[in-house]
Amino acid sequence: MQVSVESKEGLERRMTVELPADKVNEAINKRLKEIARTVRLDGFRPGKVPISVVRSRFSGQVQQEVFGDLVKSSYFEALAHEKLLPAGDPTSIEPLEKGDNEGMGYVAVFEVMPEVQLKELDGLTITRPVVEVTDEDLEAMIQKLRKQRTTWNEVDREARIEDQVTIDFKGYIDDEAFEGGSAEGVPLVLGSNAMIEGFEEGLVGAKAGDDRTLNLVFPVDYRVEKLAGKDVKFEVKISKVAKPVIPELDEAFANAFGVAEGGVDALYKEIRSNMERELTQKIQSLVKEQVMEGLLKTHDLEIPKALIDQEAKTLLSQAKDNMAQSGRSSNMELPVSLFEDQAKRRVSLGLIVSEIVRSNDIKVDPGRVRVKVEEFAQSYEDAQEVINYYYSNKNQLASVENVVLEDQVVD
């Protein structure tokens, strides 16, 4: 086998592989004999068809089959011989024109993996935020949780800011009702800014049974372009006014958050612990983001298009899956080009991080993997079941190991 390689633009290579006639003829004759043993032709008994007849009838078919087989068997051997690491499948494989008894040959065009040479990072500055969860932060979170569990008691009085009113409304532009401008039985908290400016303020002071006419203007940057900046009139009927009732901070409130023992004090401890864990994760994320951005700026890599295309398709598939899980249609035609920049970034970082791991002989720390798995499991009711799942599933555990390995690179 003769192999020659020509460097094209960038990472593209053009590899010519020529196979000797004796090897090709041996493969062709072997295939013809296999056909002769099983082929059925008029005038001949099974297995007794002369090889010359088989050759004349099946020569073209056999040539194609042998060419395909020899390409498969010789392609990776040629790559290894030339010490080439392809970035993906060949973009083309074209046969060479050869005469009878001149063997076979082909030209394969493909991209190779780039050589990553690590640069000095002396000029890279990483800022680690120094933050703590204060008593004020904890108290604010507790009050937020209480407010999230607000209930509503109907009252016979005028509506105030922070009250909830139940309304029917109909919107008109130029005295014509418009699509999407009407609804019935809508609960609306005054002061929540859920409606356009002036709508909620216009209902302050209204009582159940009242009717209000609101003359307003849609914002110029309103999400529905045909309504942006338009004058609008809303006819509103108020059917109910309710005041907010925020739950007491007591043992029942703690139980509602799964704190079975220890009451309010235990709730405070658990929420502080959760906030501190989230804070630690956020700080780690900010530091990691700076490190990765610094690595990208320091290393200007040429990335194989094959890898970018493959990663972009993966991101597209993930986006469709996420849309389906969130209840949105996954049939939306998103162009793969939408993900190319993100794909290039991910591939670049993957190559750089892999070289850092290799050149520094970094081994994944099993202890840190265990900690990371336990962190994931904490948000589930049966944490031990989740931990067992990760350690019984090699693919899932490998995904955690990759995250930990990146963390070690960041360190």
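Is S273 buried, partly exposed or exposed? I started my notes with that one. S273 comes out partly exposed, because its relative accessible area is 37% (buried means under 20%, exposed over 50%, partly exposed in between, with a 1.4 Å probe and protein chains only).

Ground rules before I go on. I'm working from a predicted model, where local features need pLDDT of at least 70, side-chain atom pairs count only at pLDDT 80 or more, and totals for chains, interfaces and linings use all residues. Residues are numbered from 1 along each chain as its sequence is written, and side-chain values use heavy atoms, with hydrogens and water left out.

**Entry: S273, continued**

I placed S273 in helix 5 (helices are DSSP runs of H or I with at least four residues, strands are runs of E with at least two, both numbered from the N terminus).

**Entry: H299**

Next I went to the loop between helix 5 (263–298) and helix 6 (305–325), where H299 lies. H299 counts as buried because its relative accessible area is 4%. What does H299 touch, not counting residues up to four places away in sequence? I found Q117, L118, K119, L121 and I352 (contact means heavy atoms within 4.5 Å).

I then followed strand 2. Strand 1 (residues 2–7) and strand 2 (residues 12–19) run antiparallel and are joined by six bridges (two strands pair if DSSP finds at least two bridges between them). In that pairing Q2 stands opposite E18 of strand 2. The hairpin has four residues between the strands, and G10 takes a positive phi near 65 degrees there. Strand 2 also runs antiparallel to strand 4, with eight bridges joining them.

T16 sits in strand 2, and I noted V107 in strand 4 as its bridge partner. T16 is counted as buried because its relative accessibility is 15%. Its contacts, leaving aside neighbours within four places in sequence, are Q2, V3, S4, L96, Y106 and V107.

**Entry: the largest pocket**

How much space lies in the largest pocket? I get about 580 Å³. (On a 1 Å grid over the protein atoms alone, a pocket is an open set of points where a 1.4 Å probe fits, with protein on both sides within 12 Å along at least five of seven lines; lining residues have an atom within 4 Å of a point. The volume is the space filled by probe spheres set on the points, which are joined across faces, edges and corners.)

The lining has 15 residues, and K288, R346, G350, N402 and E406 lie nearest the centre. Helix 5, helix 6, helix 7 (340–359) and helix 10 (394–410) each give two or more residues to it. Helix 7 gives the most, with seven. I sorted the lining into five nonpolar, four polar and six charged residues (Ala, Val, Leu, Ile, Met, Phe, Trp, Tyr, Cys and Pro are nonpolar, Asp, Glu, Lys and Arg charged, the others, Gly among them, polar).

**Entry: the second largest pocket**

This one holds about 410 Å³ of space. Its lining has 21 residues, with V24, I28, Q63, G103 and M104 nearest the centre. At least two residues each come from helix 1 (21–38), helix 2 (51–81) and strand 4 (104–111). Helix 1 supplies the largest share, six residues. I noted nine nonpolar, eight polar and four charged residues in this lining.
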